[in-house]
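User: Could you take a close look at the metal site for me and explain how it is put together? I'm new to this, so please keep the wording simple.

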Amino acid sequence: MRFVRYQSGSDSPRYGWVLEDRVGPIEGSPFDEFRRLNADQSLTSVKLLAPVEPSKILCVGRNYAAHAKEHDAEVPTVPLLFLKPPSSVIAPGETIYLPPQSEQVEHEAELAVVIGKRGRWISTEQAMDYVMGYTIANDVTARDLQYRDGQWTRSKGFDTFCPLGPWIDTELDAADAMITCHVNDELRQMSSTRDMVFNVRQLIAFASSIMTLTPGDLLLTGTPAGVSPLRPGDVVKVSIEGLGELVNPVAQEPEQ
Ligand code: ZN
């Protein structure tokens with residue numbers, strides 16, 4: 001099943017489900033008990049929101065060997081975890097703003113795991129019981145600030161630096177899905193999730209050995225090689241085979 005968060009006209013945001021090119025509301029929560037109502041609107045007639053409101057966004061650095069290599073970095077022997085703030089999340093179609101502090105903002109196409117159940121010290125064997133589904137993320141990064149700061153809070157944390165969506169897919173087989181990123185229809189990144197250094201089970205076990213995972217939390221699983229700078233006027237599209245595509249325009253942040 002595919003779950004979306006959406007807004008119809010002036011209604012409050014709500015969760016819905018997708019049937020082909022249509023959307024219908026659900027009663028209840030997709031993380032708990034729910035009932036599907038009729039898919040009575042076309043997807044194009046509603047505003048899609050980011051599909052979750054996470055309490056935290058856990059990310060993994062250098063989880064594809066070829067990406068570590070393009071930055072002359074070692075492949076980690078334990079997962080290299082960092083956090084993005086929930087305030088960085090934007091919806092499909094919303095604008096990624098290039099902040100004045102950076103001259104090198106880059107896209108990072110990533111598979112995002114949506115946590116469905118609260119847990120700590122989750123074993124690799126049990127890990128998939130805690131996965132509600134998957135969505136698409138773009139871990140937008142100010143690369144110059146990442147190198148300059150030595151840690152990543154600023155470079156990963158700007159508003160609009162976490163486009164997310166368009167939906168949560170509960171049936172994707174994430175073991176071997178192709179991830180691609182196009183900028184203005186030019187292919188920049190392509191790799192299979194098969195090439196992850198640490199797989200989804202291992203990442204959930206590792207992250208939950210540190211902090212409690214709660215429903216709606218996100219785990220961004222790292223980006224393949226091919227990251228490249230974004231310019232004002234670009235349109236960046238992240239696609240994951242079997243899941244869909246996430247498209248966002250790019251603009252310079254307006255002066256304050
Ligand atoms: Zn990343």
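Analyst: Let's start with the spacing: the residues that hold the zinc ion follow the pattern E-x1-E-x28-D along the chain. Those protein donors (N, O and S atoms within 2.8 Å of the metal, or 3.2 Å for Na, K and Ca; water is not among the atoms, so sites may look incomplete) are Glu-108 (OE), Glu-110 (OE) and Asp-139 (OD), at 1.9 to 2.1 Å from the zinc ion. Glu-110 sits in strand 12, while Asp-139 is in the loop between strand 13 and strand 14 (141–142), so this pair ties together parts that are 29 residues apart in sequence. Strands here are DSSP runs of E with at least two residues, helices are runs of H or I with at least four, and both are numbered from the N terminus.

A quick word on the source: this is a predicted model, where local features need pLDDT of at least 70 and side-chain atom pairs count only at pLDDT 80 or more, while totals for chains, interfaces and linings use all residues. Residues are numbered from 1 along each chain as its sequence is written, and side-chain values use heavy atoms, leaving out hydrogens and water.

Are Glu-110 and Asp-139 buried or exposed? Both are buried, meaning under 20% relative accessible area, with exposed over 50% and partly exposed in between (1.4 Å probe, protein chains only).

Helix 4 (residues 200–208) has buried residues including Val-200, Leu-203 and Ile-204. The buried residues of helix 4 pack against strand 12 (109–115) and strand 13 (131–138), among others, with contact meaning heavy atoms within 4.5 Å.
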